[in-house]
Amino acid sequence: MPAASSLRTAIYPGSFDPPTLGHLDLIQRGARLFDRLVVAVLRNSEKNPFFSVDERIQMLRQAVRPWPQVEVAAFEGLLVDFAAQAGAQAVLRGIRAISDYEYEFQMAWMNRRLAPQLETVFMMPAEAYSYLSSRLVKEVFQLGRPVEGLVPDHVAAAMRAKSGE
Ligand code: PNS
């Protein structure tokens, strides 16, 4: 067991609206690499979220139960400030395709400018999830197709329940 001071903490930030199996794949990979992983859900002013931030947090908490080293929290403001508050040394982000690079590099460089000691670590999800995004999941669901196999079962059930509300 490493000394407490050498524990490695990473933050995995995002919107997670909704959490997908691609996110969980990244969480599982991150949980293997870091001693502590904080999944951080952005509290933003997006006008029409599918799920509220609190609903996303609940769904993520249920999904990460197998990994005791994974926590779920909400954050607002700058990611680098939340990372410092959480004692994180790294930001974890998933890269699926080349098209993700530009946006991810912009964020990583800006975060490095704001907090030079904070490293951004990019990981690839399993190939099966390389085309998966929350945006496409919502679109497929809203146009009437099932999303089982794209999101955890309890998330698919919550999407159905919400559309029947
Ligand atoms: O899953 P997403 O929506 O691509 O995640 C984007 C997120 C939450 C990582 C990003 O918007 C973010 O970090 N927002 C916090 C505000 C911030 O720190 N901005 C400056 C760094 S680019």
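Q: What makes a space in this predicted model a cavity, and how many of 30 Å³ or more does a search of the whole structure find?
A: The search turns up 1 cavity of that size. On a 1 Å grid over the protein atoms alone, a cavity is a set of points where a 1.4 Å probe fits but cannot get out, while a pocket is an open set with protein on both sides within 12 Å along at least five of seven lines; a lining residue has an atom within 4 Å of a point. The largest cavity holds about 60 Å³, a volume being the space filled by probe spheres set on the points, with grid points joined across faces, edges and corners.

Q: Which residues line the largest cavity, and which element gives the most?
A: The lining consists of Pro13, Leu79, Val91, Arg93, Glu104, Met107, Ala108, Asn111 and Thr120. H4 gives the most, with 4 residues; E4 and H4 are the elements that give two or more. Helices (H or I, at least four residues) and strands (E, at least two) are DSSP runs, numbered from the N terminus.

Q: What is the split by class in that cavity lining?
A: There are 5 nonpolar, 2 polar and 2 charged residues. Ala, Val, Leu, Ile, Met, Phe, Trp, Tyr, Cys and Pro count as nonpolar, Asp, Glu, Lys and Arg as charged, and the others, Gly among them, as polar.

Q: And the largest pocket: how much space lies in it?
A: About 900 Å³. It has 35 lining residues, and the closest to its centre are Pro13, Gly14, Ser15, Arg93 and Tyr103. H4 gives the most here, with 7 residues. By class, this pocket lining divides into 17 nonpolar, 10 polar and 8 charged.

Q: What about Ala161: why does it get the label it does?
A: Ala161 comes out at 48% relative accessibility, so it counts as partly exposed. Ala161 is in helix H6.

Q: Which residues of H5 are buried, and what puts them on the same side?
A: In H5 (residues 134-142) the buried ones are Ser134, Val137, Lys138 and Phe141. They cover an arc of only 95° around the axis, which puts them on the same side of H5; the arc is that of the directions from the helix axis to the C-beta atoms. Those buried residues pack against helix H1 (21-33) and helix H6 (153-163).

Q: How do you know how compact the protein is?
A: The protein has 6 helices and 5 strands. Its radius of gyration is 16 Å, close to the 15 Å that the globule rule gives for 165 residues, so it is as compact as a globular protein of that length. That radius is taken over C-alpha atoms, and the rule is 2.2 Å times the number of residues to the power 0.38.

Q: What ground rules apply to the numbering and the values?
A: Residues are numbered from 1 along each chain as its sequence is written, and side-chain values use heavy atoms, with hydrogens and water left out. As this is a predicted model, local features need pLDDT of at least 70 and side-chain atom pairs count only at pLDDT 80 or more, while totals for chains, interfaces and linings use all residues.

Terms used
Buried means under 20% relative accessible area, exposed over 50%, partly exposed in between (1.4 Å probe, protein chains only). Contact means heavy atoms within 4.5 Å.
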